Structures are given as structure tokens and as C-alpha cells.
Amino acid sequence: MPPSPREPLDIVTSFASDLGAMTGLTALGDRIIQELCLAGATPHGALFLLDREHECYRRASMADPAAPTLMPATIALDHPLPQHLLATNRIMTEADVPIEAHEAAAGTGARTAMKSLHATRAVPHLNKGRLIAFSLLGETQSSTGDQTLTESLLAALAQTAANALDTTVLAEDLQRSHTLMKRTDRLKSLETIAGGFAHEIRNPLTSIKTFIQLAPERKDDPEFIQEFSKIVLDDVYRIEQLIQRILDYARYMEPKLTDEDFNDLATSCIQFIDVKATSRGVTIEKIFAPDLPRVMLDRQQIKQVLLNLLLNAMDSMTGAGGHLRVQTSKLVKPGGKVWVRIDIQDTGGGIQAANLDHIFDPFFTTKKESGEHDGMGLGLTIVHQIVQEHHGEIQVQSTVGVGTTFSVSLPALPA
Ligand SMILES: Nc1ncnc2c1ncn2[C@@H]1O[C@H](COP(=O)(O)OP(=O)(O)OP(=O)(O)O)[C@@H](O)[C@H]1O
Ligand SMILES: [Mg+2]
């Protein structure tokens, strides 16, 4: 039994649903030209897409082109073919060939162009009055069948394609500007980091320089040599650490996402600070949600986030003892999206209100005057960067003299 002919309505419906599920412009273009060729009963076709940046129509997809060598890579915006399609907003066929005396020059030019490209139909894809693309179809293989029906089907498919193309182009534009914004943000903070780095490195370099200058005349003074050697070694160590932190920051661009158990990750980070906590008399309380969904994350990066927060919490509890509470939970956001959240709560000194706006700034630290140990003020900058790259959120609540809670939430794996 021969296959039953496809119903036009079914064709358009399944085409629309196929296009709706596609995200990339290349796949979309291929699918469009394939369907138009099928409807136009030809194996040959090419789709030209408006390229606003370069002000032309760019050949996006081709299906077995009848004259591949003739098919140009780009067609100018003011070329008669797109001009004519824009003006008429209808499919142009070979049947239109008799040239009416009153027809505009674009019509004649368009026909000549179609002929030279071995195209028998030019299909416009218009959206909101703009010709966002057009397709050229080759020689029809079987001329049986209702031509009017073919034309209506092509017109319906062309419009469906135009809508999908418009949405995808918009989404890609949005994605591009998002990437650009992120890059700009990053460049801005790299500028700050470079400035901060220069500033930070100056002091240790000065002391190293002084030592080198004084060493020849004081080489017989063992006390001087011993004392200064220690200082210089510390300075070198500090510069090394600074370089490492900055490299860490630069490396943290592209997270390598794997499917992870968040509780498991938190446990391994807590183990890391366990000995330090015990020796300082800090108690650790773990409240882990048993039903936590799995999360796509970069294990090393999120470990770095949790460790920085845990170490900051430990640093804040300088007096005797203290209590560190680590709680994980499942969050359901409005709209039903599931996230996981971790709260790291300390009973430390808290953060002054005036400092709260600056704690994520590169090189902001209060640990220089504390004498506890020198902080570089890069921990939270890195934390913030990583959380952002994971499309997560970080919040802080702090009361001076009572303590601080940092909360990090990350979108969970889709079920
Ligand atoms: N849990 C906390 N309690 C109180 N203050 C905090 C806490 N976490 C961060 N801060 C404040 O934020 C500042 C910046 O933190 P950040 O981790 O970026 O740098 P740092 O700890 O000083 O140095 P680094 O982490 O680079 O060694 C700290 O110096 C401190 O003043
Ligand atoms: Mg820190």
C-alpha cells in the first residue's frame, strides 16, 4: 500500500512543534530548508538569514543545492531579490516570469537572480514587517498535485519558520550580550585585581630590596642576616600566595559540571577544618537535609567556596570557643524550580554595617590589623565569582557581636 499523503495541517503542526524544541540556529535552519524542500517537491534549497551585524543576508543552510558553486555566501540587503520579497511579501515563482510593464526594477532583477541561481521559488520569511530570512527552492521534481495547495502550505511553513527564526535569533542575541556583560564585569574586576596586586606586592618587594642593598655591608652580622632572612622568606611566601590566589581566580572561568551529592561535598570540607576547630574549642553542628536533590556543579570550585566560607567563619571566632553551624536544605523557588542551599553560621564578631557592602571587593580585608593572620581579601571575591558562574546566589546576614551567616544556593539538577 502506498504511504498516505501527509495532511497539510499535520505537516505545519509537527513542523511548528519540531522548531519549538530546537535551540541552535544551525539545526533550525537545516530543519526549515529540509521541510520547505519537501513541500516544494524539490531536493534543492538554500536558506539565507539576515545578518544585522554585517548588513547582509548570510547563507545559513543548504539542501543539495542545484548550483552549489553559484550559490553565494552572502547577498546584500539592497539586492533586488530580498528587496522584491520584502515589497511583495509573497512567494515568487517561475510562473511570475512574464514581466509586466509596470513592474518595478527589483522584480526584474529578482527574476534574473533566481534564474542564475537555478531557483524556481523564492520564499520570504517575514516577521513584524522585516524580512528576517528567505529560502530559495530548486527545480520541482513532480509537478503533479494541487499547486495552489502547495503554495499555501509553503506560505504557512514559511511563516512558522519566520516566527521560530525570530525567537532563536533573539535568544542568541540575548546570550551574546549576557556573555559580553559577564566579560565586561570580569575585566573590570581584573583591573581592580591588577591594581590591588601591584599595591600588595610593593611592601614585600621593598623589604626584599632593602635586604639585598644592606646585605653586602652587614654580611658579617649574623643577627641581622638571620632576622632579615626570615622576613624576606615571609615576603616571598606572601607574594607566592598572592600569585596563586590570582591564578585561582583567573582559572575559575569555566566550571566543569558534574552530578554531585551536596551533603557529601559539605562533609569533606568540614573534615578539613575539624582539627583546627577542636584545637580552638569551636563546636561544629551539622544539620543535613536527607532529601537533598543532586546538583550539577564543579566539585573543586564549590569546595573552594565552602572552604573559604568555613575558614572565614573560623577566623571570626577569635575568642574562646564558638559554635559553627552548617545546615543544608532544599529550596523550591516560585515557579517550582528546585535549588539546594547551605547556611554557614558562626558566633564570631560579625561584620560592621559599613563593611558589608565591601566584603566581596577584591583586596578588602580587616585581617591586617587583627594580627590573627594576614588576609588578602580575595577569598570572598573568588567565592562570589564561582557562585555567579554556577548561576547561584550568595547572601550574608550579620550582627556585630553575635555572628554571621553566609547562605549559598545553587540550582539543582532537573529531575
Ligand atoms: N564569617 C565572617 N565573620 C566576620 N567577618 C567576615 C566573615 N567573613 C568575611 N568577613 C569579612 O570580610 C572580609 C573579606 O573576606 P575575604 O574572605 O574576602 O578575605 P580575607 O578572609 O580577609 O582574606 P583571604 O580570604 O583572601 O585570606 C574579611 O576580612 C572580614 O572582615
Ligand atoms: Mg577569607
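Mentor: Helix 3, residues 80-88, has Leu81, Pro82, His84 and Leu85 as its buried residues. Viewed down the axis of helix 3, these buried residues fall within an arc of 160°, so they line one face of the helix. The arc is taken over the directions from the helix axis to the C-beta atoms. Buried means under 20% relative accessible area, exposed over 50%, and partly exposed in between, with a 1.4 Å probe and protein chains only. Helices (H or I, at least four residues) and strands (E, at least two) are DSSP runs numbered from the N terminus. Just after helix 3, Asn89 has a positive phi of about 50°.

This is a predicted model, in which local features need pLDDT of at least 70 and side-chain atom pairs count only at pLDDT 80 or more, while totals for chains, interfaces and linings use all residues. Residues are numbered from 1 along each chain as its sequence is written, chains are lettered from A and ligands numbered from 1 in the order in which they are written, and side-chain values use heavy atoms, with hydrogens and water left out.

Positive phi values occur elsewhere too. Most residues other than glycine have a negative phi. Phe363, which is not a glycine, has a positive phi near 70°. Phe363 sits in the loop between helix 9 (353-356) and helix 10, and with 15% relative accessibility Phe363 counts as buried. His391 is another non-glycine residue with a positive phi, of about 60°. The loop between helix 10 and strand 12 (393-399) holds His391, which is exposed at a relative accessible area of 52%.

For the chain as a whole, there are 10 helices and 13 strands. Of the 415 residues in the protein chain, 40% are buried. The protein chain exposes about 23,000 Å², 57% of it supplied by carbon and sulfur atoms; accessible areas come from the Shrake-Rupley method with a 1.4 Å probe, and for residues only the protein chains shown count as cover. Among contacts (heavy atoms within 4.5 Å) with a separation of 6 or more, residues 24 or more positions apart account for 67%.

Thr120 is in the loop between helix 4 (105-116) and strand 5 (121-127), and with 6% relative accessibility Thr120 is buried. Its side chain reaches the backbone oxygen of Gly138 at 2.7 Å. Glu55, in the loop between strand 1 (45-51) and strand 2 (56-63), is exposed with a relative accessible area of 57%. Glu55 and Leu77 are 22 residues apart in sequence, with their C-alpha atoms 6.4 Å apart in space.

In soluble globular proteins, nonpolar side chains tend to be buried together. A nonpolar core here is a set of buried Ala, Val, Leu, Ile, Met, Phe, Trp, Tyr and Cys residues joined through side-chain atoms within 4.5 Å. The largest has 38 residues, of which Phe262, Ile302, Val305, Leu324 and Ile344 touch the most other members. At least two residues of this core come from each of helix 7 (262-280), strand 9 (295-297), helix 8 (299-316), strand 10 (322-332), strand 11 (338-346), helix 10 (379-389) and strand 13 (403-411). Helix 8 supplies the largest share, 8 residues. Apart from neighbours within four places in sequence, Ile302 is in contact with Phe262, Leu265, Leu297, Ile386, His390 and Leu410. A second, separate core has 27 residues, including Ile11, Val12, Ala133 and Ala161.

Ligand 1 is surrounded by 20 residues, the closest being Asn312, Thr365, Thr366, Lys367 and Leu380; a residue counts if one of its heavy atoms lies within 4 Å. Helix 8, helix 10 and strand 13 each supply at least two residues of this shell, and the largest share, 3 residues, comes from helix 8. Polar contacts are pairs of N or O atoms within 3.5 Å; within protein, one must be able to donate a hydrogen and the other to accept it, and residues adjacent in sequence count only if both atoms are side-chain atoms. A polar side-chain atom of Asp346 lies 2.9 Å from a nitrogen atom of ligand 1. An N or O atom in the side chain of Thr365 is 2.6 Å from an oxygen atom of ligand 1, and a backbone N or O atom of Leu378 is 2.8 Å from an oxygen atom of ligand 1. Taken alone, ligand 1 exposes 600 Å², of which the protein buries 93%.
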